[in-house]
Amino acid sequence: MHDDIDSKINPVVAALPGGGWMAEYKDEDGGVQAYSLIAWRILADGETLPRDAWAHGEAHDPREVGNFARLYHPDAKTFPCRDTFG
């Protein structure tokens, strides 16, 4: 989806820390796992893309993983949050 960004048309212009945001994934057994975002990539057009990392260090957009459930911030005051990122 986003890993094929055309850097000539819409380049990454900044990266920001994950800021406490989490990516949540559903397990096959119905459980969930949550991992901290490591960064946000900011594109020239203003689009913001979340990044988390596999244990071996490869960063990716969590929304592209088949069992992705949601992005959330643990300090949010209202739940459930509407997923505005995907």
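Reply: Arg70, at 23% relative accessibility, counts as partly exposed. Buried here means under 20% relative accessible area, exposed means over 50%, and partly exposed is in between, with a 1.4 Å probe and protein chains only. This is a predicted model, so local features need pLDDT of at least 70 and side-chain atom pairs count only at pLDDT 80 or more, while totals for chains, interfaces and linings use all residues. Residues are numbered from 1 along each chain as its sequence is written, and side-chain values use heavy atoms, with hydrogens and water left out.

The side chain of Arg70 meets that of Glu24 in a salt bridge, at 3.2 Å from N to O. The two ends are distant in the chain: Glu24 sits in strand β2 and Arg70 in strand β7, 46 residues apart. A salt bridge is a side-chain nitrogen of Lys or Arg within 4 Å of a carboxyl oxygen of Asp or Glu. Side chains of opposite charge can pair when their charged atoms come close. Glu24 has 12% relative accessibility and therefore counts as buried.

Strands are DSSP runs of E with at least two residues, helices are runs of H or I with at least four, and both are numbered from the N terminus. β2 runs antiparallel to β7 (residues 68-72), and 4 bridges join them; two strands count as paired if DSSP finds at least two bridges between them. Within that pairing, Ala23 stands opposite Leu71 of β7.

β2 also pairs with β3 (residues 32-36), in the antiparallel sense and over 5 bridges. One of the partnered residues is Met22, whose bridge partner in β3 is Ser36. β2 and β3 make a hairpin with 5 residues between them, and Gly30 in the turn has a positive phi of about 95°.

The structure holds 2 salt bridges. Arg63 and Asp61 are both buried.

Elsewhere in the chain, an open sheet of 4 strands has the order β1-β4-β5-β6, with antiparallel pairing. Its edges are β1 (12-17) and β6 (59-60); each has a single partner strand, so one side of each is left without a neighbour in the sheet. β1 is joined to β4 (residues 39-43) by 5 bridges, and the two run antiparallel. Ala15 stands opposite Arg41 in β4.

In the segment before β1 lies Asn10, which counts as buried at 14% relative accessibility. A polar atom of the Asn10 side chain is 3.3 Å from the backbone nitrogen of Ala44. The backbone nitrogen of Asp45 lies 2.9 Å from a polar atom of the Asn10 side chain.

As for the whole protein chain, it has 0 helices and 7 strands. Buried residues make up 30% of its 86 residues. Of the contacts (heavy atoms within 4.5 Å) between residues at least 6 apart in sequence, 46% join residues at least 24 apart. The accessible surface of the protein chain is about 5,700 Å², 54% of it belonging to carbon and sulfur atoms; accessible areas come from the Shrake-Rupley method with a 1.4 Å probe, and for residues only the protein chains shown count as cover.

Terms used
A polar contact is a pair of N or O atoms within 3.5 Å; within protein, one must be able to donate a hydrogen and the other to accept it, and residues adjacent in sequence count only if both atoms are side-chain atoms.
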